[in-house]
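Could you walk me through this model in my viewer, one selection at a time? I would like to look at charged side-chain pairs and then at a pocket.

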Amino acid sequence: MRVLVAGGAGYIGSVVTAALLEGGHEVTVLDDLSTGHADAVPEGARFVQATLQASAPVLADVRPEAVLHFAAKSLVGESQVRPEVYWEHNVGGSLALLEAMRAVDCRRIVFSSTAATYGEPDQVPIREDARTQPTNTYGATKLAVDAMLTSYATAYDFAAVSLRYFNVAGAAYGRGERHTTETHLIPIALQVAAGEREAMTVYGEDYPTPDGTCIRDYIHVADLADAHLLALTAPQPGEHRVYNLGNGTGFSVQQVVDAVREVTGHPVPVQVGERRAGDPAQLVASSDRIRADLGWSPRHTDMAGIVRDAWEVAQERGRA
């Protein structure tokens, strides 16, 4: 299948691109490199540097049979102080991409949505039919694109899937997290272990959880790639499916720190800070729907293994 991967120079997009190539697909990556890296694009994929707003000529040339859409601004804090950037890029860019797809009669898309669409959950594990009430602009823009996909499925027979991830981690195909502004727990802890930071901050240790720290659902990026390939051919024209992706159990911040200490052999000094406003005690996905519909299940459920994969790639990058 000819597949266009929007945002394929980023962490998740590059791993999924590598999985697509391994599966025998013909892949073109479209990325504006605002947060991605050209050297992350796997060998064998064609790369075009362009924005979503300028995607029409690219699609007219490539004539893809399907699109995987990862291209988004995704910093929650930034989305609150620069909302116009997020509405323009995440929503305006997605609309331009869908119109470019419609112009070349490409109507199959898998969209990288987010658990931030749910906001603070009423119950855990979170199911796909849970109330959606985002608490930040980032989540609101992703929910808007989900609604857009439903409209395009209804009006134009698009076959669409939205995959709502929780915390993506680990590494695959030699590709791991690499962000200019790092906000994710595991990479920050590994930066401490590598001597790039003196210590890390744990925000709150008095939550109603077994060890007092927040619990979050982590999914290995390789398991995420598996889900994307399964979702690619799953929906029928006129159908928009929504699936959560997570390991279904969750790990506390303390468990993640302990795993980093175990894998790296570094003490990883921790400072305890105040709770962050709006941080729920527990966010865990129910992935029952995608398990039942597509037969997907996570293969990497051990936190030490997830950390080990990320640490090995980080060390290789440090030696490069």
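Start by selecting R102 and E99, which form a salt bridge whose closest N and O atoms are 3.0 Å apart. A salt bridge here is a side-chain nitrogen of Lys or Arg within 4 Å of a carboxyl oxygen of Asp or Glu. Both residues sit in helix α4 (residues 83-103), three residues apart, so about one helical turn separates them. Helices are DSSP runs of H or I with at least four residues, numbered from the N terminus. R102 is partly exposed, at 27% relative accessible area, and E99 is also partly exposed, at 31%. For these labels, buried means under 20% relative accessible area, exposed over 50%, and partly exposed in between, with a 1.4 Å probe and protein chains only.

A word on the model: it is predicted, with local features needing pLDDT of at least 70 and side-chain atom pairs counting only at pLDDT 80 or more, while totals for chains, interfaces and linings use all residues. Residues are numbered from 1 along each chain as its sequence is written, and side-chain values use heavy atoms, leaving out hydrogens and water.

Next, pick R107 and D105, whose side chains meet in a salt bridge at 2.6 Å, N to O. R107 is partly exposed at 26%, whereas D105 counts as exposed at 55%.

Now jump to helix α8 (residues 253-264), where D258 and R261 lie three residues apart, about one turn of the helix. Their salt bridge has its closest N and O atoms 3.6 Å apart. D258 is partly exposed at 37% relative accessibility, and R261 is partly exposed at 29%.

For a linked group, select D223, D226 and R299 together: salt bridges join them in a network. The count of salt bridges comes to 15.

Last stop: the second largest pocket, with a volume of about 370 Å³. Colour α6 (185-193) and α10 (303-319), the elements that give two or more residues to the lining. The most comes from α10, with seven residues.

A pocket is an open set of points on a 1 Å grid over the protein atoms alone, where a 1.4 Å probe fits, with protein on both sides within 12 Å along at least five of seven lines; lining residues have an atom within 4 Å of a point. Its volume is the space filled by probe spheres set on the points, which are joined across faces, edges and corners.
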